[in-house]
Amino acid sequence: MSIQLDSTVLHPADLSSANTLGLACQAAQVFDLNQVSQLQLVSDIAHLKGAPLVLGSGSNLILPAELTRPVVRVMLSGIELVEKASDAWVIDVAGGENWHRFVSYAVDQGWAGLENLALIPGTVGASPVQNIGAYGVELDSRIRSVTAWHIPTAQMHTFSRDECGFSYRDSRFKRDGLGAWLIVSVRFSLPRPWSPVMSYPDLAHHPVLSLVKREELTARHIFDAVCDIRRNKLPDPNVLGNAGSFFKNPVVSDSQYRQLKLAFPGLVSYPQPQGNFKLAAGWLIDQCGWKGYRDGAVGVHDRQALVLVNYGKARAEDILALAKKIHRSVEQRFGVSLEIEPVVVPE
Ligand code: EPU
């Protein structure tokens, strides 16, 4: 291969404000992907320089101070209603679109079904990677297919929902690791007629929502309530660096759940279809006394123990050291091993 990659293709960039944790990060080789026709170049970069980090809004990443591996910033844009079937709205959205702006636009257009996922930071392309979920809706229930570029072989693939291998905060795109897939577009299928999802306790008891008559309820009401709940509980990354939930909610067996519930009657848990139980990691961490904890530049949010925050000058090592301490204390008290949710990017 005789490809030349000059400085107009790969350029250094400061990624400190391109990750929601606000970690200082200098990247040596960044490529801005603006068009689908440039995808071959991404594979060429991988071939010549090594597996790239595919970057959306950096809302689920822990970046090192110096990033030598190439970085591809996905800036593909476009939202298109491709089908208005009697049973679904079908919408194609490019990977670089901002997630919340798309959800807000969909609600404006009357394409209901994503409102429970309002205000989640990140891009549309990143959303299937960790199968985002909130307030009773997981993304996979709204996806028809995902079109992704396989970087190592330079080929485009379209995966049906089943082929995406979705599970809680996981997908084949995440499992295949850094540098394998670049999500080009996502095809959503939003079921019609719309039926609101309000089972989640925070929504079921929301003071404004509970005043709205069932027959008058719209996706906008739920969208507004979700935004309200999130603004109250979760820190705004523009004000205080964070990556949302830092740990996954752990799943334990029925027998472990029973033992824990006997010892800790306040344990917050959600029964799973397979007969095991998902535990609220935030509750476990809170019980260990971490909420509001601060150690220099890093800390635990004072309204949600599941969220680690950067007070300004934290490095990846500081965040990970705090995560390790929390992991250890939860394991000692409850015998439960927490798993980190964001992706730790090696240099
Ligand atoms: N809790 C505490 N103390 C805390 C935090 C939570 O006691 O400091 C208790 C709450 O009172 C509640 C339970 O734990 O009874 C669950 O808390 P919450 O409803 O706040 O949700 P979560 O389980 O902490 C998950 C997702 C969030 C998502 C919310 C709403 C994960 C890891 N997190 O959080 O997703 O927004 O449910 O559906 O699944 C994210 O992934 O970044 C994220 C924010």
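A: Over residues 23–193, the chain is 15% helix and 36% strand, with 43 Å between the end C-alpha atoms; helices (H or I, at least four residues) and strands (E, at least two) are DSSP runs numbered from the N terminus. UniProt, in an unreviewed entry, lists residues 23–193 as "domain: FAD-binding PCMH-type"; such annotations may be inferred rather than shown by experiment. The model is predicted, so local features need pLDDT of at least 70 and side-chain atom pairs pLDDT 80 or more, whereas totals for chains, interfaces and linings use all residues. Residues are numbered from 1 along each chain as its sequence is written, and side-chain values use heavy atoms, without hydrogens or water.

The shell around the ligand has 24 residues, of which Tyr135, Tyr168, Tyr200, Asp286 and Ala305 come nearest; a residue belongs here if one of its heavy atoms lies within 4 Å of the ligand. By class, 11 of the shell residues are nonpolar, six are polar and seven are charged. Here Ala, Val, Leu, Ile, Met, Phe, Trp, Tyr, Cys and Pro count as nonpolar, Asp, Glu, Lys and Arg as charged, and the others, including Gly, as polar.

Strand 9 (133–134), helix 5 (219–233), strand 14 (241–245) and helix 7 (281–287) each supply at least two shell residues. Helix 7 gives the largest share, three residues. Because domain 2 (79–233) and domain 3 (241–344) both contribute residues to the shell, the ligand lies between them; these bounds come from an automatic or database domain assignment.

For Tyr200 the distance is 2.6 Å, for Gln304 it is 3.0 Å, and for an N or O atom of Glu341 it is 3.1 Å. The protein covers 83% of the 830 Å² of accessible area that the ligand has on its own, by the Shrake-Rupley method with a 1.4 Å probe.

Arg169 is found in the loop between strand 12 (155–160) and helix 3 (172–175). Arg169 counts as buried because its relative accessible area is 13%; buried means under 20%, exposed over 50%, and partly exposed in between (1.4 Å probe, protein chains only).

Definitions and conventions
Polar contact = N/O pair within 3.5 Å; in protein donor to acceptor, adjacent residues only side chain to side chain.
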